[in-house]
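Welcome, and please get your viewer ready. We will walk through the model one stop at a time, selecting a few residues at each.

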Amino acid sequence: MIQTYLNQIRSFEKEYGDEIPAPIKEEEIKKYTEWAKKEFHNQFPYEDYLFFLKLANGLNFNGLFLYGLQLEDDDLNIQLANNTWRESKYMQNYVFIGEDSISFFVWNMMEKNMKF
């Protein structure tokens, strides 16, 4: 299903001379996996999110940001976003995976589910 949506977004972006980020590179997969395991102690289903990253290393579309391992783009950097948002003790149970203009998209590590 996500592949279908990404293909539609890819086609739309192409019409306007833009493109979505390429899939995550093999060397970045190891960095992402090590970071996720260390940071979240296996309380985040990082393999599931890796599926998305293997299709697109982040996404910025129509005000929606889904983070990737984009070191050159702070808006799409999952590590930077989590370092920033999880500074507060009230946010430490969440893994931030995206945002839009009014919401965050997070994985709740205590309840083991997504929150919007």
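## First stop: a bridge across the chain

Select E39, which is partly exposed at 28% relative accessibility (buried means under 20% relative accessible area, exposed over 50%, and partly exposed in between, using a 1.4 Å probe and protein chains only). E39 and R86 form a salt bridge, their closest N and O atoms being 3.0 Å apart (a salt bridge is a side-chain nitrogen of Lys or Arg within 4 Å of a carboxyl oxygen of Asp or Glu). The pair links distant parts of the chain, 47 residues apart: E39 sits in helix α2 and R86 in the loop between α4 and β3. Helices (H or I, at least four residues) and strands (E, at least two) are DSSP runs, numbered from the N terminus.

Two notes before we move on. This is a predicted model, in which local features need pLDDT of at least 70 and side-chain atom pairs count only at pLDDT 80 or more, while totals for chains, interfaces and linings use all residues. Residues are numbered from 1 along each chain as its sequence is written, and side-chain values use heavy atoms, leaving out hydrogens and water.

How many salt bridges does a search of the whole structure find? There are 3. Side chains of opposite charge can pair when their charged atoms come close.

Select E34 and K30 next: their side chains meet in a salt bridge at 4.0 Å, N to O. These residues are 4 apart in helix α2, so about one helical turn separates them. E34 is partly exposed, with a relative accessible area of 46%, and K30 counts as exposed at 56%.

Now go to E111 and K115, whose side chains form a salt bridge at 2.9 Å, N to O. Both ends are partly exposed: E111 at 46% relative accessibility and K115 at 32%.

Select E28, in helix α2 (residues 26-40).

## The aromatic cluster and the core

Select Y32, W35, F40, F44, Y49 and F52 together; they form one aromatic cluster. A search of the whole structure finds 10 aromatic pairs. One of them is F44 with Y49, a tilted pair at 6.4 Å centre to centre and 50° between the planes. Rings of Phe, Tyr and Trp (its six-membered ring) pair if their centres lie within 6.5 Å; planes under 30 degrees apart count as stacked, over 60 as edge-to-face and the rest as tilted. F44 and Y49 are both buried.

The largest nonpolar core has 31 residues, and Y32, F44, Y49, F52 and L59 touch the most other members. Elements giving two or more residues to this core include α1 (2-15), α3 (46-53) and β1 (59-61). A nonpolar core is a set of buried Ala, Val, Leu, Ile, Met, Phe, Trp, Tyr and Cys residues joined through side-chain atoms within 4.5 Å. Click on F52: leaving aside neighbours within four places in sequence, F52 is in contact with I2, L6, G58, L59, L66 and Y67.

## A buried asparagine

Select N82 in helix α4. Is N82 buried or exposed? N82 is buried, with a relative accessible area of 1%. Its contacts beyond four places in sequence are W35, F40, Y94, V95 and F96. The side chain of N82 reaches the backbone oxygen of I78 at 2.9 Å.

## Last stop: two loops

Select H41, in the loop between α2 and α3. H41 has a positive phi of about 50° although it is not a glycine, and at 58% relative accessibility H41 counts as exposed. Finish at K112, in the loop between β4 and β5 (113-115). The phi of K112 is near 55°, a positive value in a residue other than glycine, and K112 is exposed at 53% relative accessibility.

Methods
Contact = heavy atoms within 4.5 Å. Polar contact = N/O pair within 3.5 Å; in protein donor to acceptor, adjacent residues only side chain to side chain.
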